Amino acid sequence: MSRFDSKMQEKSMSLMFRGKQIFKPLNTGRIDKHVSCIREYVANIFFYTKNDTTIMIDAGYNYERLKEKMEWLDIDPGDIKHILITHQDTDHVGAIEDDSDLLFKDATIYVGEIENRYLTGEVRRKVMYKLAKLSLLNISNPKVLLKDKEVFYINDIKIEALLVPGHTWGHMVYLIDDKYLFTGDTIWFGADGGFSFIDALAEDNKLAVKSLEKLEKYLRERKLDPIIITGHTGYADDLDFSFAHKDKLCTFLKKQLVSDPEAPYDAYDESDDTREKARSEMLKKKNKEAQS
Ligand SMILES: [Fe+2]
């Protein structure tokens, strides 16, 4: 997405979404010693650091304050050599599109082989209940295409890519070191648990619900209990909370089934995202215990 479009989205989406309690991004800061994040309006991008390696998960908007906020976290864009992409929507790949500042032009990107069909133009992305077709995005970074359940290492960081189609046809979530699950736009957290992500933006909502069921089953069968980290609604460390409403959709048009008093009135207003807070406070999780 061009910078102009990102700016337009800041204004128009702010008007459309204010008061709806849909987007609840984390502010810029740290979840723990391994994971940090940057807020770009309603979206979060994440960094995972282990020993001397930092990888990035998703690339956010074409966002003019990215470099500034990376400095808040003491991360140099030039040190990012690997970027895991959950899916190719413009709020997840903006900083690697050809018309961005190309802060990460030498980084290798990792994307699902099915998701890549949007990038080659074989498939067009449809949103708003299939009424709107989005334009083709141009990305020139070297790419590694991933299959479902593919396991690979970046230095000593273990990554497992899990295919969770529905929001997009090739959406991947990434399980890192068996402890952190970066879920992009598959799970939406309300005040009392996770729903399937916003219905109007999905390619196939039934498939999205099926994928979440499958994902939960997979984690439980393997007795994994990762921290669940979402692209727009924060994180939780409780599987029961994270998958509580997995068979229900976050609805775009109606008021939410579950209101969340913590949701900002206008999540596009990021005036409370400051350098001082990013450097002094840890980011709170969403599950109930954290709020009591
Ligand atoms: Fe998104």
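**A sheet, strand by strand**

Mentor: Ile57 stands opposite Leu84 in strand 5. The model is a predicted one: local features need pLDDT of at least 70, side-chain atom pairs count only at pLDDT 80 or more, and totals for chains, interfaces and linings use all residues. Residues are numbered from 1 along each chain as its sequence is written.

Helices (H or I, at least four residues) and strands (E, at least two) are DSSP runs, numbered from the N terminus. Two strands count as paired if DSSP finds at least two bridges between them. Strands of a sheet pair through backbone hydrogen bonds, either parallel or antiparallel.

The part to look at is an open sheet of seven strands in the order 1-2-3-4-5-6-9, with mixed pairing. Strand 1 and strand 9 (143-146) are at its edges with a single partner strand each, so one side of each has no neighbour in the sheet.

Strand 1 (residues 29-30) pairs with strand 2 in the antiparallel sense over two bridges, and Gly29 has Cys37 of strand 2 as its bridge partner.

Strand 2 covers residues 35-40, and six of its six residues are buried. Buried means that 20 or more other C-beta atoms lie within 10 Å of the residue's own; a residue with 12 or fewer is exposed, one in between is partly exposed, and the C-beta atoms are placed from the backbone. Val35, Cys37 and Arg39 point one way from strand 2, while Ser36, Ile38 and Glu40 point the other way, and all are buried.

The next neighbour is strand 3 (residues 43-50), which is joined to strand 2 by six bridges and runs antiparallel to it. Ile38 has Ile45 as its bridge partner in strand 3, and Arg39 stands opposite Asn44. The hairpin of strand 2 and strand 3 has two residues between the strands, and Tyr41 in the turn has a positive phi of about 55°. In strand 3, six of the eight residues are buried.

Strand 3 also pairs with strand 4, in the antiparallel sense over five bridges. The bridge partner of Tyr48 in strand 4 is Ile55. Here too a hairpin has two residues between its strands, and Asn51 takes a positive phi near 50°.

With the next pair, the direction is parallel. Strand 4 (residues 53-57) and strand 5 (residues 82-84) pair in the parallel sense over two bridges.

The protein has eight helices and 18 strands. Its radius of gyration, taken over C-alpha atoms, is 17 Å, close to the 19 Å that the globule rule gives for 292 residues, so the protein is as compact as a globular protein of that length; the rule is 2.2 Å times the number of residues to the power 0.38. Buried residues are 45% of the 292 residues. Along the principal axes, the C-alpha atoms fill a box of roughly 45 × 45 × 40 Å.
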